[in-house]
Every structure is written in C-alpha cells, then in structure tokens.
Amino acid sequence: MATGSDRLAGAGLVAFSTALFLYYTVWVICLPFIDSDHAIHSFFLPREYAVLLPLLAGLVLLLLIGVFVTYIMWKSRTPKNKSQ
C-alpha cells in the first residue's frame with residue numbers, strides 16, 4: 001500500500017503534468033488565434049521554443065536511456081578468462 005508521502009508525491013506529479021499539458025496546449029493551439037498585442041502573450045515563450053523544447057527534452061531522454069542501457073550492459077558483462 002502507498003504511504004502518505006507516496007500519495008503526495010504522486011499527486012504532485014499528476015498536478016505538475018496537468019499544468020504542463022495545459023500550458024503547452026494553450027501555447028501551441030490557442031495562442032496563434034489571439035492577437036499578438038494581447039497581454040496573454042507575455043505569459044508564454046516565443047513560438048520557436050514550442051518545437052525546440054520538446055525536441056531537446058526528447059534528445060535528453062534518449063541520451064539518458066542510452067547511458068542507462070550502456071551502464072547495465074557494462075555491469076552485466078562476464079569477464080573473460082585470461083588463462084585460455
């Protein structure tokens with residue numbers, strides 16, 4: 001069973017993910033239909049970052065997966081017998 005701190009951490013992650021999803025959705029889907037001089041544009045980064053940030057996050061994720069797989073493979077290798 002999950003403890004109180006586990007539930008709190010899970011709820012925090014869900015809240016953060018929901019907020020990030022809503023921010024990105026408004027930024028990418030809704031913002032292009034709002035006039036560029038509207039005050040809401042000051043809360044969002046320039047549109048170029050809407051492509052660059054997920055691309056960078058994906059590259060970092062792939063890098064971390066590659067490092068993890070390399071570490072596991074390196075650790076589980078069997079040493080060769082030098083006497084033969």
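Hi everyone, let's start in helix α1, residues 4-30, where Tyr23 and Trp27 both sit, four residues apart, or about one turn of the helix. Helices here are DSSP runs of H or I with at least four residues, numbered from the N terminus.

A quick word on the source: this is a predicted model, so local features need pLDDT of at least 70 and side-chain atom pairs count only at pLDDT 80 or more, while totals for chains, interfaces and linings use all residues. Residues are numbered from 1 along each chain as its sequence is written, and side-chain values use heavy atoms, leaving out hydrogens and water.

Now, the rings. How many aromatic pairs does the structure hold? There are three aromatic pairs. Rings of Phe, Tyr and Trp (its six-membered ring) pair if their centres lie within 6.5 Å; planes under 30 degrees apart are stacked, over 60 edge-to-face, and the rest tilted.

Tyr23 and Trp27 make a tilted pair, 6.0 Å centre to centre with 45 degrees between the planes. Tyr23 also meets Phe44: their planes are at 25 degrees and their centres 4.8 Å apart, so this pair is stacked.

Buried or partly exposed? Buried means under 20% relative accessible area, exposed over 50%, and partly exposed in between, with a 1.4 Å probe and protein chains only. Trp27 is buried at 3%, Phe44 is buried at 14%, and Tyr23 is partly exposed at 32%.

Ring pairs join Tyr23, Tyr24, Trp27 and Phe44 into a cluster. Thanks, everyone!

Definitions and conventions
Helices (H or I, at least four residues) and strands (E, at least two) are DSSP runs, numbered from the N terminus.
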